[in-house]
Amino acid sequence: MNNYFSIGKLVSVFGLQGEFVLKHSLGKRASLQGVEAIFLEERKNSFIPYFVQKASVKDHEHTFVKLEGIDTKEAARKLVQTPVYLGEADFKSQAASSAPLAMLGFTVHDKELGELGVIEEVMEMPMQVLVKIMYKETEVLLPLNEQSLVKVDKKAQIVHVDLPEGLMDIYL
């Protein structure tokens, strides 16, 4: 997933001209100003660029988006539930620094085990955030909550954690 950051998905069609409602986790009201293209993952690991014709804020986690070449409700319907990605530069300019999604690319460092891996995906759950890393060539999901998260060093891009004893053993 080099240089593509998952920000959400197209959740519904809006209007008759093929506009979408994009549900995102950028952590702030996002009008996608300055973003030329978003990338849709129509098939696993294939990121197809779609040029943004116009976009406007709906609320804190939804944005109305009109994409070039999608001009009917029927054409738009085919892309509903498609994951949406941004290129790295656009992602950095759009994500709120306080959003959990902003931790993508940060290194996870455990108090006992040391460096574990780089955050490849962030999943927001009701009571905690789960981050996906690769540890010893194994996909690992780590909970970030009040008990496990020590601090986030934004400058050094390191997430310091104190994981529950035995958690990493489950994966190995």
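UniProt positions are given here in the numbering of this chain, feature names are shortened, and annotations may be inferred rather than shown by experiment. The structure is a predicted model, in which local features need pLDDT of at least 70, side-chain atom pairs count only at pLDDT 80 or more, and totals for chains, interfaces and linings use all residues. Residues are numbered from 1 along each chain as its sequence is written, and side-chain values use heavy atoms, without hydrogens and water.

An unreviewed UniProt entry lists "domain: RimM N-terminal" at residues 7-86. This span is 6% helix and 56% strand; helices (H or I, at least four residues) and strands (E, at least two) are DSSP runs, numbered from the N terminus. Its end C-alpha atoms lie 7 Å apart.

A barrel is closed by 6 strands in the order 1-2-5-4-3-6, with antiparallel pairing. Two strands pair if DSSP finds at least two bridges between them. Strand 1 (residues 4-14) and strand 6 (residues 83-87) run antiparallel and share 5 bridges. Tyr4 has Gly87 of strand 6 as its bridge partner.

His24 belongs to strand 2 (residues 19-24). Its relative accessibility is 4%, so His24 is buried (under 20% relative accessible area; exposed is over 50%, partly exposed in between; 1.4 Å probe, protein chains only). Beyond residues up to four places away in sequence, His24 touches Ile7, Gly8, Ala30, His60, Glu61, His62 and Thr63 (contact: heavy atoms within 4.5 Å).

Glu165 lies in the loop between strand 13 (158-161) and helix 3 (167-171). Glu165 is exposed because its relative accessible area is 85%. Glu165 and Glu124 are 41 residues apart in sequence and 23 Å apart in space, C-alpha to C-alpha.
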